[in-house]
Amino acid sequence: MGRKFIYLLFTDTGTSLAKAIHFCTKQSLNHVSIGFDEDLQRLYSFGRKRPRNPFIGGFVQEDIHSDFLKNAACAVYRFTVSEEEWEQILQHIKRIEREKDRYRYNFIGLIGILLQIEINRKCAFFCSQFVATVLKDVDRFQFNKPTCFVTPEDIRNHEGMQLIYKGRLGDYSYRNKTAMCHSKKDTQVMSSYIIYSHMNEQ
């Protein structure tokens with residue numbers, strides 16, 4: 001069976017909501033999103049729908065190049081899943097996306113974490129609760145607690161998570177492009193070397 005990667009982006013935007021979550025969880029990088037490609041072009045979470053309004057939240061597809069996110073401190077991890085699990089996760093998210101107007105941000109659930117009271121609301125998630133929910137059918141990604149208690153730090157520390165980048169989010173795409181350029185340059189140099197060696201053998 002083939003293997004694929006999912007990508008987990010952890011950010012700290014420095015907003016009032018981020019500070020409130022930090023107060024509840026006592027942890028840094030308190031927002032988590034899930035994606036399906038290394039460039040993070042398909043990136044999903046639960047957060048603010050309007051950058052300037054922290055009180056209107058729900059299901060969001062995030063843009064790492066937006067003014068809201070590009071200056072955020074971040075860490076990018078990847079996790080290996082089977083092709084079947086990868087497709088199941090994607091379809092689960094797509095089902096939520098199709099009904100996104102029904103979903104709300106679970107502000108009350110954050111208080112539940114602080115007080116360790118299990119609060120499960122229909123059609124409402126906070127970011128790590130959403131990620132834990134869509135990953136609940138992945139055999140290697142299980143928690144010994146309800147999804148309403150799962151924090152971004154729990155996800156970051158899960159066995160099998162591979163850190164691939166840490167720094168300013170706005171520099172992440174530049175890093176990938178630079179790596180690609182180096183890769184292409186190395187390929188060109190190697191090709192030239194092979195041609196040169198072959199000519200000397202003539």
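Trainee: What pattern does the protein chain follow, read along the sequence?

Mentor: The order is β-α-β-β-β-β-α-β-α-β-α-α-β-α. Helices (H or I, at least four residues) and strands (E, at least two) are DSSP runs, numbered from the N terminus. This is a predicted model: local features need pLDDT of at least 70, side-chain atom pairs count only at pLDDT 80 or more, and totals for chains, interfaces and linings use all residues. Residues are numbered from 1 along each chain as its sequence is written, and side-chain values use heavy atoms, with hydrogens and water left out.

Trainee: How many helices and strands is that?

Mentor: The protein chain has 6 helices and 8 strands.

Trainee: And what share of the residues is buried?

Mentor: 44% of the 202 residues. Buried means under 20% relative accessible area, exposed over 50%, partly exposed in between (1.4 Å probe, protein chains only).

Trainee: Contacts next. How many join residues at least 24 apart?

Mentor: 66%, among contacts between residues at least 6 apart in sequence. A contact means heavy atoms within 4.5 Å.

Trainee: Switching to rings. How many aromatic pairs are there?

Mentor: The structure holds 16. Rings of Phe, Tyr and Trp (its six-membered ring) pair if their centres lie within 6.5 Å; planes under 30 degrees apart count as stacked, over 60 as edge-to-face and the rest as tilted. Y44 and F59 are a stacked pair, 6.0 Å centre to centre with 20° between the planes.

Trainee: Where do Y44 and F59 sit?

Mentor: Y44 is in strand β3 (residues 43–50) and F59 in strand β4 (residues 53–61), 15 residues apart. Y44 is buried at 1% relative accessibility, and F59 is buried at 5%.

Trainee: Why is the F125 and F130 pair tilted?

Mentor: Because the planes stand at 55°, with the ring centres 6.3 Å apart. F125 is buried at 13% relative accessibility, and F130 is buried at 0%.

Trainee: Which residues do ring pairs link into a cluster?

Mentor: F36, Y44, F46, F59, W86, Y103, F125 and F130.

Trainee: How many disulfides?

Mentor: The count is 0, taking a disulfide as a pair of cysteine sulfur atoms within 2.5 Å. C74 is buried at 2% relative accessibility, as is C148 at 1%.

Trainee: Last topic. L115: buried or exposed?

Mentor: Exposed, because its relative accessibility is 53%. L115 lies in helix α3 (residues 107–115).
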